[in-house]
Structures are given as structure tokens and as C-alpha cells.
Amino acid sequence: MIIPVINIDRKKCTSPLDCAVCLRQCPQAVFKAKPAKVYKFRETPENEYIITAPYWPACTGCRECVQRCPTGAITIEYREIPEGKEEGNNG
Ligand code: SF4
Ligand code: SF4
């Protein structure tokens, strides 16, 4: 079985809530923005959010995200793995 491994270079994706291109453009809604750190009694500042790809099993490999990301932060590799070992992908 071939699975997509979606990597997001956080040095290139520095302002995900302002950009949000991948969040809007992925037809499978694979991406999510989440706070990198959670504080007690106050909200996480916008510049401390990161993009993750928690819904990667829905990825069809269309590469829209790779082509549209304005900073080139997203790369996708396709990895062959044995059946039943699909876990452990993508932060
Ligand atoms: S390759 Fe296509 S389906 Fe997969 S994460 Fe990127 S935009 Fe979404
Ligand atoms: S499209 Fe690229 S730069 Fe924009 S939020 Fe997504 S990963 Fe970050």
C-alpha cells in the first residue's frame, strides 16, 4: 500500500493564519491549524499557530497544496508500507 507523507516546513510557513491557502484549497480538508503552545488563562497569539496534516489518510495526491503554497513549505513523499501499518504519519 502506498501512503502520502506530508511535510510542512515550519521555517517557511511562518504566518499560517494569515495565509491559510492550504486550509482553503485542499479538496480533502487534510490540513488543520492548531496552537503550537497552549497557555493558561490566555489565548495563543496568532503567530504561534502551526499547520498540521491530521487527516492525511484522505489525501488523494492531487498536489494542489504543493503547487499553491506561496512559500514552498509543503512537500509530499509517497511511501510504500505493508498493509496494516498505516499509523504514525504526519505531525
Ligand atoms: S495533495 Fe491534494 S488532497 Fe493531498 S493534502 Fe495536498 S491538496 Fe490535499
Ligand atoms: S499554504 Fe503554505 S505557507 Fe500558507 S499556511 Fe499552508 S503551509 Fe503555510
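This is a predicted model: local features need pLDDT of at least 70, side-chain atom pairs count only at pLDDT 80 or more; totals for chains, interfaces and linings use all residues.
View 1. Residues are numbered from 1 along each chain as its sequence is written, while chains are lettered from A and ligands numbered from 1 in the order in which they are written.

**View 2. The surroundings of ligand 2.** Ligand 2 is surrounded by 13 residues, of which Cys-13, Cys-19, Val-21, Cys-22 and Cys-69 are the closest. In this shell 12 residues are nonpolar and 1 is polar, with no charged residue present. Two helices, helix 1 (16-19) and helix 2 (21-25), each contribute at least two residues to the shell around ligand 2.

**View 3. The protein chain as a whole.** The protein chain has 3 helices and 4 strands, which follow one another from the N terminus in the order β-α-α-β-β-α-β; helices (H or I, at least four residues) and strands (E, at least two) are DSSP runs, numbered from the N terminus. Taken along the principal axes, the box filled by the C-alpha atoms of the protein chain is roughly 45 × 30 × 20 Å. Of its 91 residues, 18% count as buried, a residue being buried if 20 or more other C-beta atoms lie within 10 Å of its own, exposed if 12 or fewer, and partly exposed in between, with C-beta atoms placed from the backbone. Among contacts between residues at least 6 apart in sequence, 71% join residues at least 24 apart, and two residues are in contact if their C-beta atoms, placed from the backbone, lie within 7 Å.

**View 4. The largest nonpolar core and Phe-31.** The largest nonpolar core holds 14 residues, and the members that touch the most others are Ile-6, Ile-8, Cys-22, Val-30, Phe-31 and Ile-74; such a core is a set of buried Ala, Val, Leu, Ile, Met, Phe, Trp, Tyr and Cys residues joined through C-beta atoms within 7 Å. When neighbours within four places in sequence are left aside, Phe-31 is in contact with Cys-22, Leu-23, Cys-26, Ile-51 and Ala-53.

**View 5. Tyr-49 in strand 3.** Tyr-49 is found in strand 3, and it counts as buried because 20 C-beta neighbours lie inside 10 Å. Not counting residues up to four places away in sequence, Tyr-49 touches Pro-16, Leu-17, Ala-33, Lys-34, Pro-35, Ala-36 and Thr-44. The C-alpha atoms of Tyr-49 and Lys-37 are separated by 7.9 Å, although these residues are 12 apart along the chain.

View 6. Ile-2 lies in strand 1 (residues 2-8) and is exposed, because 8 other C-beta atoms are within 10 Å. Leaving aside neighbours within four places in sequence, Ile-2 is in contact with Tyr-78, Arg-79 and Glu-80. Ile-2 and Glu-77 are 75 residues apart in sequence, and their C-alpha atoms are 9.9 Å apart in space.

**View 7. Two loop residues with a positive phi.** Ala-20, in the loop between helix 1 and helix 2, has a positive phi of about 60° although it is not a glycine, and Ala-20 counts as partly exposed because it has 14 C-beta neighbours inside 10 Å. Phe-41, likewise not a glycine, has a positive phi of about 65° and is found in the loop between strand 2 (32-35) and strand 3 (49-52). Phe-41 is exposed, since 4 other C-beta atoms lie within 10 Å.

Notes: A residue is near a molecule or strand if its C-beta atom, placed from the backbone, lies within 6 Å of it. Ala, Val, Leu, Ile, Met, Phe, Trp, Tyr, Cys and Pro count as nonpolar, Asp, Glu, Lys and Arg as charged, and the others, Gly among them, as polar.
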